[in-house]
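User: I would like to understand how the labels given to a structure follow from their definitions. Could you take me through them step by step?
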Amino acid sequence: MSGPRANGAAAAPVDRPALLALANQHEQEGRLDEAEAVLDGILAEAPNDPTAVQQKGIVAFRRGRAADAAELMERSIALAPTSALFHRNLCEVYRALMRHDDALRVGRRAVELDPKDPHCWHNLGVLHYDRLEPAEAIQCAEQALAIDENFAGAHFGIAEASLLTGEFARGWEEYEWRSRLAGVPALMPPSEKPQWTGKQLGPGERLLLVADQGYGDVIQFARYIPWAASRCAEIAIACSKELHPVVAQLPGAGNLFGHWERAPDFAAWSALSSLPRLAGTTLDTVPQAVPYLRADEAKFAHWAERLWSLLPRGYRRVGIVWAGRPTHRNDSRRSTRLATFAPLAALPEVALVSLQKGPGQTEIGGYWDRAPLLNLGPELHDFADTIAVLECLELVITVDTAVGHLAGALGKPAWIMLPYAPDWRWLRDRSDSPWYPSVRLFRQAGDRRWDPVIAAITAALAGSPR
């Protein structure tokens, strides 16, 4: 409580709503220390203020302390049990903690408390996707759209659930809402030029393709560049420099640039990942011109010699990747640890080649298993290096990262480890992929554990011919 005031002046009344609004503003703008300080001040005066407790839970969640966030939000609900917003937020926190039954309970309670809140329906729909219940995910998204037809998150939820189940016609249309999701940066600078409809462009009219989304998406959808080139005499592609060794290999790729000030004039534009929709892609018409990537001859020769000199003769060369980029929205579910591969490393006459990049490389220092482990991550300067190394391997085993896409686009054998609720492109209930004929999929079961996945992979490798 506040101490006495000088000269006996009465303490000024605390404007708690204004302080809560200030804390919320700090949190929304990323000033988490300031938000927490304001909330601590409120809670010192009013420890049972449900909104302050809830907002402190939100700050904890933003800091990556999901378990603390859950405890705080549970307390706020105990203080205000009829708040739909509190239940809605806790649904998302439980989902992050993979407490899916608890998330379902509070998510359903949120829509009971406020069935006119589209965000309650949306959060419940996202949870149903994580539970591998796409029909229910679509139903929830449709409920949200009945309230707000322009709710981009609900449209995108329908896209992912539809594509996961092979309903490509609806999926591609809804997939166009991805650029309107909250927090997604603009695809390109403002332009009066039209978005391409897939129709033939006239002589001298250039199409601009924007290589949007992640590395894996660009590798997957680059196969459509020749299709676009057959309809446009000239193509320019806005693409990050890291992907130039990939995109430049496709027939018709044309002018590649990595900075908008270098963009040429163009008549129409399209996101690269919009091309499957424009091409009318179905499960039966996925372009099958695979492989569509190849290794640079000089780089292949360099890496072939290097692996020959560093790995034991006669051993099977197996590339491994156990973690994706930590910034990926689903990384906690798709990534694992090097220790997960221990059963694989116990096989005789197997040499592991780490293609791991990023923070996951630090785990290699603690590796002491039977199989030799060659760490190439620090030496892979671009995708051209990775492609060349893949050509020198018998097999790559990876979680869902760009390396799996590269191997598939090269036509190299790749075994991809998938979480229980996978990215839509891997579909459901199948071990093969219409996108990459050389890929084999190993999926988590309902227990969401990686140990049975790596056990199946180890058995498959042990039983496969050399």
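Analyst: Two strands count as paired if DSSP finds at least two bridges between them, and the strands (E, at least two residues) and helices (H or I, at least four residues) are themselves DSSP runs, numbered from the N terminus. With that in mind, V399 stands opposite M417 in β9. This is a predicted model, in which local features need pLDDT of at least 70, side-chain atom pairs count only at pLDDT 80 or more, and totals for chains, interfaces and linings use all residues. Residues are numbered from 1 along each chain as its sequence is written, and side-chain values use heavy atoms, with hydrogens and water left out.

User: How do you know that β8 and β9 pair?

Analyst: Four bridges link β8 to strand β9 (residues 414-418), in the parallel sense, and the definition asks for at least two.

User: What makes the crossover from β8 to β9 right-handed?

Analyst: A crossover is given this name if, with the strands pointing away from the viewer, the path from the first strand over the helix to the second runs clockwise. Here the chain goes from β8 through helix α19 (residues 402-410) to β9, and this β-α-β crossover is right-handed.

User: Why is β8 called mostly covered?

Analyst: Buried means under 20% relative accessible area, exposed over 50%, and partly exposed in between (1.4 Å probe, protein chains only). In β8 (residues 395-399), five of its five residues are buried, with L395, I397 and V399 on one side and V396 and T398 on the other.

User: Which strand is joined to β5 by five bridges?

Analyst: Strand β6 (residues 350-354) is joined in this way to β5 (residues 316-321), and the two run parallel.
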